[in-house]
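Thanks, everyone, for making the time.

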Amino acid sequence: FLFEVPAWKTDTPTMTARDTLTGQIDVIANFEMSELQREGDILVYLPPNYSISDSAHFPVMYMLDGQNVFNRKTAYSDEWQIDESMEKLIANKAVKDTIIVAIPNGPKRWHEYNPWPYLDQKGELQQGKGHDTLNFIKNNLKPFIDGKFRTKKDRKNTGLAGSSLGGLMALYAALEHSDTFGFVGAFSPSLGVVNAHNEGVLAAALKQHQTIETRVYVDMGKLEYDGYQEFDELIFHLRDKGLDSEQLMVVKDDIGRHCELDWSKRFPDAMKWLLPNS
């Protein structure tokens with residue numbers, strides 16, 4: 001057998017990924033994130049009908065790890081192709097015309113996307129800055145977006161989505177910030193993050209809540225945790241808080257992996273449930 005290896009991990013890339021932005025996307029360059037002591041480019045996808053009507057207002061979904069949402073050129077590995085997906089979904093009248101706001105993570109992603117105290121890879125207890133990340137979105141970014149674009153500002157029309165640690169943050173928003181976020185999309189939420197008692201931080205947080213008022217989409221690939229045991233435990237806790245079939249959508253992907261390519265494949269069905277055009 002003859003195997004050809006196009007490149008090794010240590011090789012220097014010889015080509016730059018091409019720009020893949022599709023549709024109308026506004027770039028808000030170097031947006032100040034004072035809560036996180038940094039800045040970043042915020043990308044805002046506007047649905048096709050945004051420029052047609054001067055009076056229509058639109059729901060908004062904020063997405064974490066924004067570098068990976070629209071553009072292959074800025075993505076860590078693969079991109080979600082959210083812009084291409086939304087263009088097709090809206091053209092087919094499958095979802096509501098929706099504004100998507102992509103928020104980039106910083107170099108300290110583990111801190112920014114951990115809302116509860118957690119043990120790091122060295123076994124040392126860390127206090128994450130996830131609460132600062134959500135406060136930035138709620139108190140800084142959302143008012144800016146609502147002031148600059150024609151948005152529907154109420155919680156019913158405001159959502160948050162993310163994957164991996166971003167999925168953990170989406171569920172944190174459902175628990176602690178339901179006053180702002182009426183729906184969340186948690187793609188492959190990180191279930192291996194534990195606290196000082198070696199208990200999953202999400203499971204521990206769920207035990208402290210009586211009910212959940214936010215609509216929740218959550219999924220997992222079977223290959224991510226070598227089965228669904230941890231995921232089934234999460235779903236048990238979510239349903240135990242009163243989420244019924246109208247408030248909770250659960251998706252198991254038997255060939256799903258922990259990567260943007262697989263999340264992008266599940267995104268259209270997630271949006272059809274979160275923001276159906278009905």
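Before I point at anything, a word on terms: a residue counts as buried when its relative accessible area is under 20%, and as exposed when that area is over 50%, with partly exposed in between. Please also keep in mind that what you see is a predicted model.

With that cut-off, Phe31 is buried, because its relative accessible area is 9%, and Phe136, at 1%, counts as buried as well.

Now to the aromatic pairs, of which a search of the whole structure finds 12. In one of them, the rings of Phe31 and Phe136 have their centres 6.1 Å apart and their planes at 65°, so this pair is edge-to-face. Since Phe31 sits in strand 1 and Phe136 in helix 3, the pair ties together parts that are 105 residues apart in sequence.

The rings of Trp110 and Tyr118, by comparison, have centres 5.8 Å apart and planes at 35°, so that pair is tilted. Here Trp110 is partly exposed, at 39% relative accessible area, whereas Tyr118 is buried, at 2%. There is also an aromatic cluster, formed by Trp80, Phe187, Tyr217, Trp263 and Phe267.

Let me finish with the helices. The axes of helix 3, residues 130–148, and helix 4, residues 165–176, come within 11 Å and cross at roughly 70°, and the two helices are therefore roughly perpendicular to each other. Their crossing is right-handed. Helix 3 makes the contact through Gly130, His131, Thr133 and Leu134, and helix 4 through Met169, Tyr172 and Ala173; these residues divide into four nonpolar, three polar and no charged.

Technical notes: Residues are numbered from 1 along each chain as its sequence is written. This is a predicted model: local features need pLDDT of at least 70, side-chain atom pairs count only at pLDDT 80 or more; totals for chains, interfaces and linings use all residues. Side-chain values use heavy atoms; hydrogens and water are left out. Axes are lines fitted to C-alpha atoms, for helices over the stretch in contact, and angles run from 0 to 180 degrees between N-to-C directions. Helices (H or I, at least four residues) and strands (E, at least two) are DSSP runs, numbered from the N terminus. Angles under 35 degrees count as roughly parallel, over 145 as roughly antiparallel, 65 to 115 as roughly perpendicular and the rest as oblique. A crossing is left-handed if the near helix is turned anticlockwise from the far one by less than a right angle, and right-handed if clockwise. Contact means heavy atoms within 4.5 Å. Ala, Val, Leu, Ile, Met, Phe, Trp, Tyr, Cys and Pro count as nonpolar, Asp, Glu, Lys and Arg as charged, and the others, Gly among them, as polar. Rings of Phe, Tyr and Trp (its six-membered ring) pair if their centres lie within 6.5 Å; planes under 30 degrees apart count as stacked, over 60 as edge-to-face and the rest as tilted. Buried means under 20% relative accessible area, exposed over 50%, partly exposed in between (1.4 Å probe, protein chains only).
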